[in-house]
Amino acid sequence: MATMKSKTFVEKAIDIAKNYNTLYVMGCFGAPLTGSNVSRYCTNHTYNKQSTRTAMIKAVADKDPPYYGFDCVCLIKGILWGWSGNSAKTYGGATYASNGVPDISADSMITKCSDISTTGWANMTPGEVCWLSGHIGIYIGDGLCVECTPSWDNKVQITAVKNIGTKSGYNARTWTKHGKLPYVDYSDQATTSSSASSTSTSSSTKAAASSTADSKTIWDYLMGKIGNAYGVAGLMGNLYAESGLIPNNLQNTYNTKLGYTDAAYTAAVDDGSYSNFSSDSAGYGLAQWTYSTRKKNLKAYADAQNASIGNLEMQLGFLYKELSESYSSVLTTLKNATTVLQASNAVLTKFECPADQGSSVKSTRASYGQKYYDTYAGTESSTTDSSSSTSSSTSTTSSTTTYKLAAAQSFDKSLAGTYTTKGAYNMRYVPGTLVSANVICVIPKGKTVRCYGYYTTVSGTKWLYVVYDGKTGFVTMEGLK
């Protein structure tokens with residue numbers, strides 16, 4: 001039986017990776033490396049008995065604040081067993097084999113999972129586990145994973161899932177399988193909203209920072225300003241890729257460089273004890289504002305609003321101010337976009353402007369946006385075409401159902417590329433549903449469509465998720481060459 005909500009599971013993993021001193025220690029599920037625990041974990045396993053590993057454990061012994069020991073699967077078990085970072089407890093607050101979670105290996109844990117797959121990496125649900133022989137990690141979204149490994153930093157760390165793509169600033173690992181743990185409840189991932197929200201305060205107190213994602217508040221605000229669901233979804237998909245929609249998010253690599261947690265950095269900027277906010281080159285906030293002029297303007301806007309730099313409402317106001325005054329062409333695209341992909345690409349290439357703007361990044365960010373569209377845009381159809389005709393090569397029936405664009409279920413990099421239609425084929429909102437109301441448009445024979453590797457299989461037939469003439473939808477692979 002599930003013991004923890006997936007969002008809580010992910011948040012705890014990120015918190016450990018970003019805010020605690022950790023060391024890879026075989027067979028340790030979060031014990032502070034203090035007192036008798038030091039000698040215990042120098043001798044509990046042959047791996048730890050190696051002179052180099054013993055020296056590493058002793059080097060961090062009895063530090064203040066303490067270091068905590070984990071290995072890959074013990075990180076997962078420790079979280080599910082109730083680890084809380086309590087250095088006064090032998091196991092950091094965890095209770096061995098509690099909450100119905102057994103003491104099992106990484107290789108055994110993957111066999112307990114549901115929805116085990118070797119494909120569909122870009123469509124993973126945060127909180128799933130990523131596995132390869134002898135090793136396991138926790139997918140946290142945005143192509144990232146929390147894993148405890150002796151590789152690289154020799155601790156609990158955030159890495160890129162190479163099956164999805166590499167990411168600047170992160171080490172990357174290729175995994176073999178992924179799946180959903182039976183001990184985690186994934187129902188809270190059905191929507192991406194959170195109960196947390198920012199609140200206004202009196203003029204004598206700064207409006208507080210927000211440390212959790214609140215996608216519904218963000219959606220409602222942006223819809224009120226932009227008025228186009230495709231544009232809002234495309235923008236939010238990019239914001240999610242940048243910050244996870246967490247307003248006080250400090251760029252991960254700078255937590256270590258600057259020695260601040262997200263909350264501590266925000267507080268230090270707010271109270272003036274850290275004065276290098278504008279020029280430290282650290283991405284911050286919903287849009288991960290980085291350049292000195294933009295961060296300086298963000299700080300000035302926050303001060304004028306008497307708000308914390310990490311306040312959600314303030315950042316939304318500043319975001320729209322930037323779009324209106326400095327990125328008007330992007331705002332125009334957002335207000336007039338006819339697909340999520342169109343809006344997403346405009347934000348990616350003209351507003352966020354990361355180093356990697358390749359097709360894989362475009363596809364991934366658009367897929368994030370599509371999830372917000374599917375969650376909040378109701379029964380609005382994704383794109384419409386004035387033609388009511390359908391391909392003679394596909395039988396259809398009439399229907400009064402209103403369709404919206406489905407999300408692709410799988411990813412195969414080898415499928416990415418351009419294709420040519422063999423005949424006149426329908427582009428559909430939902431793959432495999434052969435009704436006229438499900439038709440976006442008819443693609444004439446000999447036209448070129450582009451697929452970024454995403455697809456859905458229906459009754460053994462692959463339906464590719466393609467782009468054609470500014471529209472996005474599904475076309476049967478049987479009709480393409």
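1. Before anything else, a quick word on residue classes: Ala, Val, Leu, Ile, Met, Phe, Trp, Tyr, Cys and Pro count as nonpolar, Asp, Glu, Lys and Arg as charged, and the others, Gly among them, as polar. Sorted that way, the lining of the second largest pocket comes out as 10 nonpolar, 13 polar and three charged residues. Keep in mind as you read on that this is a predicted model.

2. Let's stay with that pocket for a moment. The volume of the second largest pocket is about 620 Å³. Its lining has 26 residues, and those nearest the centre are Ala 17, Lys 18, Lys 155, Asn 255 and Thr 256. Helix H1 (6-19), strand S2 (21-24), strand S4 (67-70), strand S9 (155-161) and helix H9 (252-258) each give two or more residues to the lining.

3. Now step back to the whole chain. You can count 15 helices and 19 strands in it. There are 481 residues, and 52% of them are buried. Take the contacts with a separation of 6 or more: 64% of these are between residues 24 or more positions apart.

4. Three strands make an open sheet, ordered S2-S4-S3, with mixed pairing. At its edges you find S2 and strand S3 (29-32), each pairing on one side only. From one strand to the next, the twist averages 30°. S2 and S4 run parallel and are joined by four bridges. If you want a spot to look at, find Leu 23, which stands opposite Gly 69 in S4.

5. Most peptide bonds are trans. The bond between Asp 64 and Pro 65, though, is cis, with omega about 0°. Pro 65 sits in the loop between helix H4 (51-59) and S4.

6. There's another open sheet, this one of seven strands, in the order S5-S11-S6-S7-S8-S9-S10 and again with mixed pairing. S5 and strand S11 (residues 177-180) run antiparallel and are joined by two bridges. Ser 117 has His 178 in S11 as its bridge partner.

7. Most residues other than glycine have a negative phi. Ala 97 has a positive one, near 55°, and is found in the loop between helix H5 (72-80) and helix H6 (106-111). Trp 152 isn't a glycine either, yet its phi is positive at about 60°; its place is the loop between strand S8 (144-149) and S9. Ala 97, at 37%, counts as partly exposed, and so does Trp 152, at 39%.

8. S17 and S18 run antiparallel, joined by six bridges, and Thr 456 stands opposite Trp 463 in S18. Their hairpin has two residues between the strands, and there Ser 459 takes a positive phi near 50°. S18 then pairs with strand S19 (residues 471-476), antiparallel over six bridges, with Thr 472 in S19 as the bridge partner of Val 467. The hairpin of S18 and S19 also has two residues between the strands, and Asp 469 has a positive phi near 50°. As for strand S18 (residues 461-468), it is mostly covered: six of its eight residues are buried.

9. Last stop: Gly 446, in the loop between strand S16 (439-443) and strand S17 (448-458). Gly 446 is partly exposed, with 44% relative accessible area. Which residues does it touch, leaving aside neighbours within four places in sequence? Gly 446 is in contact with Thr 420 and Thr 421. Tyr 419 is 27 residues away along the chain, and its C-alpha atom lies 9.2 Å from that of Gly 446.

Key
Residues are numbered from 1 along each chain as its sequence is written. This is a predicted model: local features need pLDDT of at least 70, side-chain atom pairs count only at pLDDT 80 or more; totals for chains, interfaces and linings use all residues. Side-chain values use heavy atoms; hydrogens and water are left out. On a 1 Å grid over the protein atoms alone, a cavity is a set of points where a 1.4 Å probe fits but cannot get out, and a pocket is an open set with protein on both sides within 12 Å along at least five of seven lines; lining residues have an atom within 4 Å of a point. Grid points are joined across faces, edges and corners, and a volume is the space filled by probe spheres set on the points. Two strands pair if DSSP finds at least two bridges between them. Axes are lines fitted to C-alpha atoms, for helices over the stretch in contact, and angles run from 0 to 180 degrees between N-to-C directions. Buried means under 20% relative accessible area, exposed over 50%, partly exposed in between (1.4 Å probe, protein chains only). Contact means heavy atoms within 4.5 Å.
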